[in-house]
Amino acid sequence: MEQIRTAYRTCPLCEATCGLALRVRGARIESVRGDADDVFSRGYLCPKGAALGELHHDPDRLRRPRVREGAGWREVSWDEAFDRVVAGLAPYASADRPRDRSRDAVGVYLGNPNTHNLAATLFMRPFLKALGTRNLFSASTVDQMPREVACGWLYGNPGLNPVPDIDRSSFLLLLGANPLESNGSLWTAPDLPGRLRALRKRGGRLVVVDPVSTRTAALANLHIPIRPGTDAAWLLALAHVLFAEGRVAVGRLAEHANGIETARRWAEPFAPEVVAGWTGVPAETTRQVARDLAEAPSAAVYGRMGAHAAAFGTVAAWASDLLNALTGNLDREGGVMLPRPPETRVRASPAAPGGRGFQIGRWHSRVRGEPERRSEFPSAVLAEEIEESGPGQIRALVTVAGNPVLSTPNGRRLDAALATLDFMVSVDPYLNETTRHADVILPPPSPLERSHYDLTYNHASVRCIAHHSPALFEPEGPGEAEILARLASLIGGSPVDTILRGALRERIEREVSRPGSPIAGRDADEIEGLVEGEDPSDRVVDFLVRTGRYGDAFEQGREGLSLAALRDAPHGIDLGPMEPAFPDALETPDARIDLAPEPLASEVDRLAAAVDAGPLESLLLVGRRHLRSNNSWLHNLPSLVTGRPRCTLWMHPGDCAARGLGDRETVEVRSEVGHVVVPLESTEDVAAGVVSLPHGYGHGAPGTRLGVAGARPGVSANDLTEGEIDVASGNAVLNGVPVQVRAAGRSSSPSGPNR
Ligand SMILES: Nc1nc2c(c(=O)[nH]1)N[C@H]1C(S)=C(S)[C@@H](COP(=O)(O)OP(=O)(O)OC[C@H]3O[C@@H](n4cnc5c(=O)[nH]c(N)nc54)[C@H](O)[C@@H]3O)O[C@H]1N2
Ligand SMILES: Nc1nc2c(c(=O)[nH]1)N[C@H]1C(S)=C(S)[C@@H](COP(=O)(O)OP(=O)(O)OC[C@H]3O[C@@H](n4cnc5c(=O)[nH]c(N)nc54)[C@H](O)[C@@H]3O)O[C@H]1N2
Ligand code: SF4
Ligand SMILES: [Mo]
């Protein structure tokens, strides 16, 4: 009989980075539990983490590459699959083609799981460099781009993202976030539910602003059901009160901040009485929250999807940090603070003191002239870039870990556009709504067949944590690093080994020539010889932690963090809470915080005009998440889809009555761009005038291979979202979408499972 062993690793499914304990018998995962000894999560886990074994064993998960053949697929060897990719991309990108704008004919879409994947974090860049296209799209523009742009302008680098210091805070104001289902976002803290309860227990206050009475709202001292899409104006009303009542106290950072007077002017038109009609929040409530915020010993304002993936999302993302700064809570214990990753910075910073600062719009999209942000175009314009002919039209597409047909606005239109491509290749473990359009699918190994170290979410973490998980099983095929490197090699001409070694080599060379680095002036070859680890990704981790603030800096006899030390610590190493980091960490050209970034001036004017114009007389659609969902891609795991169907439309009983609709009735939801037919749930949990539908459903399309998900398909919320985008960031407006709802059956054409 095979022995049972226990393996410990970080869960790669969401941003919470919980430690898991897996009971393994041979090649079989018997069970997954929370690792009680994990230094960060202390045994917490959610149903998704518990389903990691199911994901690993899912018979629908692809193990071998496949290529399209007529109407079907053929499993092929990796060599044959890569040959097909070379042939398919050859007309647009290959080693012997010019490196000019003709390369824009290849589009790229990068999905969310890349951020949870060490190899993708390290080896995407060489792949994108080899491709040389400007037609780059990602899940960032259906998610956090407003926050990134705001942080870029405030602090000089979009990666500098202060997060609530939850464990030491006494007042938390959450807008458009539901961590009891999502476990947090751009805010890494496992067991956020427990941490929020602890805040309440020690006498702290929790205020939740959300048009829906979520489970997070149920924990709050005060729940404010705001009208969707109006958070930016409401946050400016809070700032208005602080200024008007003389409650501004920036504190230590006052001498390092510009723009306070401009911010005062910007907040002027947003008196609580003025915005009350638009936001639906009574002026007295707004004034009280502003006073509480100012008087709290420490406080943090935090907004996420509901506040950011909405109209004026960038204004909302900036305004929350403006409030943190005005109340002295920016960069102070219990306020919002800059995470302190143990490794040296992964990315070269786009802006540095003395430079030009964070820039957007260095180039523009072809059809609509949308500016790039962080070298990407909005995912909302991907379909039109495929549809419209002319030089620079996208004719081939590469997707890596993305399902934009279900995740991005007007997915139905994108679905149709993908069918017209000359060639498409997807690096993805599932044959789903997006990858069914591919000519070649290259499946990466399962999460248990790769090592993990959270280079991305250490930058959002409330504690400094170092945790490395080795691969549990050998992959059957190449790892994701090898897949990306081989693609880069085929397109760019460099040997695979050079690319795999390059990620480390380029970081070493940068560090030895960076003044102030612990290895400044040392010999790059010598350092490379000292780096440990067999896997190319692990070698970079070793280098990054050894040159980070707790590393041994490759000095003989010096104790410190290294891959070897991490291997001896399967439950992770906790290196303490966040610490004040400004002004040193600022990357603006003048090394000061810009509290009133000039590019936002016109947005604030536009917002004031919108408030003046008053609310729309329409139902507004918002999104929702459930603990057992993960965007579009875990609906194929049986344990995550048990119970009542979750893809339902929530509507307030008053709104149901006004339309003569009964609970459980099938309804048609119609927006400007599309319609879906879905079961209704009448519930007082949503505010009047608001309807809520989860995203990531709409399975069962012909040609997909998702047996479990296909049996409970649901409909896609993104068949309703349209091309409206947040002007400053290009992010899709996914919340606050005007819709109409009526009984189904009167509709002209059916909708639903079969796209
Ligand atoms: N279980 C689960 N966990 C996940 C995911 C998942 O799909 N499932 N996805 C992961 C990802 S990729 C992300 S980015 C995070 C997102 O994590 P969160 O940002 O916490 O996102 P949601 O859970 O969607 O919560 C958004 C809330 O905003 C509310 N809302 C909608 N419109 C508005 C508005 O205009 N104003 C305000 N104030 N509120 C509004 C909604 O009712 C909802 O409760 O979750 C991550 N974790
Ligand atoms: N209406 C509405 N739309 C939304 C949202 C919303 O709140 N409302 N939320 C948005 C948000 S926050 C996000 S992040 C996006 C997500 O948008 P996407 O990232 O486009 O969608 P996912 O559903 O996360 O799809 C992930 C894909 O990656 C594949 N995958 C999983 N693991 C791996 C891996 O290790 N390697 C590779 N190569 N592939 C892998 C899966 O099979 C799946 O195809 O959706 C957005 N869309
Ligand atoms: S909360 Fe996130 S990290 Fe923790 S077990 Fe669930 S999916 Fe994994
Ligand atoms: Mo996301």
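A search of the whole structure finds seven aromatic pairs. Keep in mind that this is a predicted model. Let me take one pair.

Trp 187 and Tyr 302 form it, and the pair is tilted. How is such a pair described? For Trp 187 and Tyr 302, the centres are 4.5 Å apart, and the planes are at 50°. That angle counts as tilted because stacked means under 30 degrees and edge-to-face means over 60.

Where do the two residues lie? Trp 187 is in the loop between H6 and helix H7, which covers 192-201. Tyr 302 is in strand S13, residues 300-303. So the pair ties together parts that are 115 residues apart in sequence.

Are they buried or exposed? Trp 187 is buried, with a relative accessible area of 0%. Tyr 302 has 7% relative accessibility, so Tyr 302 counts as buried too, the limit being under 20%.

Now to ligand 1. How many residues surround ligand 1? The count is 31. The closest are Asp 210, Asp 231, His 626, Ser 629 and Asn 631. By class, this shell has ten nonpolar, 14 polar and seven charged residues. Which domains contribute? Domain 3 (145-341 + 582-604) and domain 4 (616-743) each give at least three residues to the shell around ligand 1.

Next, some contacts. A polar backbone atom of Val 209 is 3.0 Å from a nitrogen atom of ligand 1. A polar backbone atom of Gly 229 is 2.7 Å from an oxygen atom of the ligand. Asp 231 uses its side chain: a polar atom there lies 2.6 Å from a nitrogen atom of ligand 1. And how much of ligand 1 is covered? Taken alone, ligand 1 exposes 910 Å², and the protein buries 97% of that. Helix H6 (179-182) and helix H13 (305-308) are the elements that give two or more residues to this shell.

Stay with helix H13 for a moment. Ala 307 lies in this helix. Ala 307 is buried, at a relative accessible area of 3%. Look across to Asp 143. Ala 307 and Asp 143 are 164 residues apart in sequence, but their C-alpha atoms are 10 Å apart in space.

On to ligand 2. Here 29 residues form the surroundings. Tyr 109, Asn 112, Ser 407, Asp 428 and Ser 632 are the closest. The shell divides into 13 nonpolar, eleven polar and five charged residues. Domain 2 (63-133 + 393-399 + 410-460 + 468-571) and domain 4 (616-743) each supply at least three residues to the shell around ligand 2. Recall that domain 4 also gives at least three residues to the shell around ligand 1.

What touches ligand 2? A polar backbone atom of Val 427 is 3.0 Å from a nitrogen atom of the ligand. An N or O atom in the side chain of Asn 432 is 2.8 Å from an oxygen atom of ligand 2. A polar side-chain atom of Glu 480 lies 2.8 Å from a nitrogen atom of ligand 2. Alone, ligand 2 exposes 920 Å², of which the protein buries 97%.

Last, ligand 3. Which residues are around ligand 3? Among them are Cys 11, Cys 14, Cys 18 and Cys 46. Lys 48 and Asn 183 are also in the list. The classes are seven nonpolar, three polar and one charged.

Note on methods. Residues are numbered from 1 along each chain as its sequence is written. Chains are lettered from A and ligands numbered from 1 in the order in which they are written. This is a predicted model: local features need pLDDT of at least 70, side-chain atom pairs count only at pLDDT 80 or more; totals for chains, interfaces and linings use all residues. Side-chain values use heavy atoms; hydrogens and water are left out. A residue is near a molecule or strand if one of its heavy atoms lies within 4 Å of it. A polar contact is a pair of N or O atoms within 3.5 Å; within protein, one must be able to donate a hydrogen and the other to accept it, and residues adjacent in sequence count only if both atoms are side-chain atoms. Accessible areas come from the Shrake-Rupley method with a 1.4 Å probe; for residues, only the protein chains shown count as cover. Helices (H or I, at least four residues) and strands (E, at least two) are DSSP runs, numbered from the N terminus. Ala, Val, Leu, Ile, Met, Phe, Trp, Tyr, Cys and Pro count as nonpolar, Asp, Glu, Lys and Arg as charged, and the others, Gly among them, as polar. Domain bounds come from an automatic or database domain assignment. Rings of Phe, Tyr and Trp (its six-membered ring) pair if their centres lie within 6.5 Å; planes under 30 degrees apart count as stacked, over 60 as edge-to-face and the rest as tilted. Buried means under 20% relative accessible area, exposed over 50%, partly exposed in between (1.4 Å probe, protein chains only).
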